[in-house]
Amino acid sequence: MRALFFIFALIIGSASGLGMTWVMSARDNGFGALDIGVWRSWPRSGTAEADPYARANFARSGELPLGFSEGVVFVATTDDRGRAIDGRCITRIKGKLLPARFWTLTVYDGRGRLIENPAARYAFTSTEVVFDAEGDVEVWLAPRAHSGNWLPTGENERITVVIRLYDMPTGVARSEAAQMPRVTREKCP
Amino acid sequence: MIRIALPVAAGLVLGGLVHILSIFALPQLAQNDAYARLSALGKTNEIVQVPDPTPFESLLPRLDPAFVFAACVFDLSRGPLALSVPTTPDLVSVAFYTRQGRVFYSLNDRAAARRSIDLQLMTAEQRALLPRDEDVTAADRLIIESPATLGIIFVRAFVREEGARANIRELLSKAKCGPLGAVR
């Protein structure tokens with residue numbers, strides 16, 4: 001009987017422990033997140049102080065995080081009302097970005113892959129995007145062609161938008177006035 | 001009831017322990033990490049060109065499609081390494097990772113004095129063996145100390161617009177990585 005309990009405890013222990021590791025290492029990288037609106041960043045992931053969860057996540061996915069002096073990455077998976085960004089809808093990303101030498105805005109599907117489209121358009125860079133009169137960026141995510149800065153989303157239900165700010169002045173991301181664009185769902189079929 | 005509760009509680013405590021240990025062990029155990037994938041591209045201590053990511057294929061997850069990438073998988077066990085990366089009209093950055101994918105140093109082209117980013121990578125022991133005077137006269141050389149013998153140098157070059165991609169790739173193909181003395 002005692003041996004049975006021991007085995008039982010062992011099974012629970014290894015299953016729950018490894019299960020938790022499996023789940024946590026697949027999620028976005030650990031603690032120390034910085035949120036600006038719907039945009040989330042892990043500023044320490046590109047430093048030697050990256051936490052164990054971030055390291056496990058990168059090791060499992062094979063991703064090489066941007067080094068701290070290279071840039072900072074912001075990820076959005078939901079709109080301003082907390083709904084998942086849906087590639088079948090028209091989504092508007094509008095506003096100002098944190099200052100950086102260059103930035104890129106890239107759309108990925110729910111599994112982190114680029115989205116196939118005939119024009120091979122996966123991203124906008126700060127050097128090619130058209131700014132409006134107020135100096136705001138306005139990018140449209142839509143399954144079919146849209147006026148303005150359009151990025152195709154295919155018919156993917158879940159979209160991940162990644163903004164990478166390269167060569168950023170240090171400290172600006174943490175300031176009170178830090179702002180990132182709003183993400184709004186405009187129209188769904 | 002208590003007969004069930006005790007092994008369950010013991011199991012959960014054990015589970016916490018297993019979880020912590022496995023999270024720390026994962027970077028050592030991962031089979032298909034960046035180091036393994038980049039090693040498959042070519043030789044150690046040489047520059048390899050990383051293919052541009054497409055919707056169907058990406059050597060590493062979440063590479064920025066607006067960039068061109070090159071890498072040098074390094075092994076310092078037989079001596080220090082020299083790296084030379086030409087600058088482009090736009091941003092070029094270099095990041096250094098341990099074999100487990102932890103960043104230990106990064107810099108961009110603003111740190112480059114001339115038309116290339118030139119630096120030397122060595123362990124603390126190798127640096128200690130450098131002749132003293134050489135260390136002084138070579139003040140313009142950038143020496144980076146690696147906490148690990150094995151690791152990855154990853155080069156990222158920005159492509160301003162698609163038309164410039166071939167040109168940037170051409171420039172990156174001139175990057176050099178190799179034993180110190182062999183790369184000039």
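Two residues are in contact if their C-beta atoms, placed from the backbone, lie within 7 Å. The structure is a predicted model, in which local features need pLDDT of at least 70, side-chain atom pairs count only at pLDDT 80 or more, and totals for chains, interfaces and linings use all residues. Residues are numbered from 1 along each chain as its sequence is written, while chains are lettered from A and ligands numbered from 1 in the order in which they are written.

## Nonpolar cores

B:Val155, B:Ala71 and B:Ile153 have the most contacts inside the largest nonpolar core, which has 77 residues. Strand β2 (residues 67–75) of chain B supplies the largest share of this core, eight residues. Apart from it lies another core, of ten residues, including A:Tyr53, A:Ala54, A:Ala56 and B:Ala30.

A nonpolar core here is a set of buried Ala, Val, Leu, Ile, Met, Phe, Trp, Tyr and Cys residues joined through C-beta atoms within 7 Å. A residue is buried if 20 or more other C-beta atoms lie within 10 Å of its own, exposed if 12 or fewer, and partly exposed in between. Strands (E, at least two residues) and helices (H or I, at least four) are DSSP runs, numbered from the N terminus.

## Where the chains touch

Between the chains, 48 residues of chain B are in contact with 52 residues of chain A. On the side of chain B that touches chain A, α1(B) gives the most, with 16 residues. By class, this side has 27 nonpolar, 13 polar and eight charged residues. Ala, Val, Leu, Ile, Met, Phe, Trp, Tyr, Cys and Pro count as nonpolar, Asp, Glu, Lys and Arg as charged, and the others, Gly among them, as polar.

## A sheet in chain B

Four strands of chain B form an open sheet with mixed pairing, in the order β7-β6-β3-β9. Strands β7 (142–146) and β9 (176–179) of chain B stand at the edges with a single partner strand each, so one side of each is left without a neighbour in the sheet. Two strands pair if DSSP finds at least two bridges between them. Strands β3 (residues 81–86) and β6 (residues 116–123) of chain B pair in the antiparallel sense over six bridges. B:Val85 has B:Ile117 in β6(B) as its bridge partner.

## Strand β3 of chain A

In strand β3 (residues 71–76) of chain A, five of the six residues are buried. Six bridges join β3(A) to strand β9 (residues 159–166) of chain A, and the two run antiparallel. A:Val72 stands opposite A:Leu165 in β9(A).
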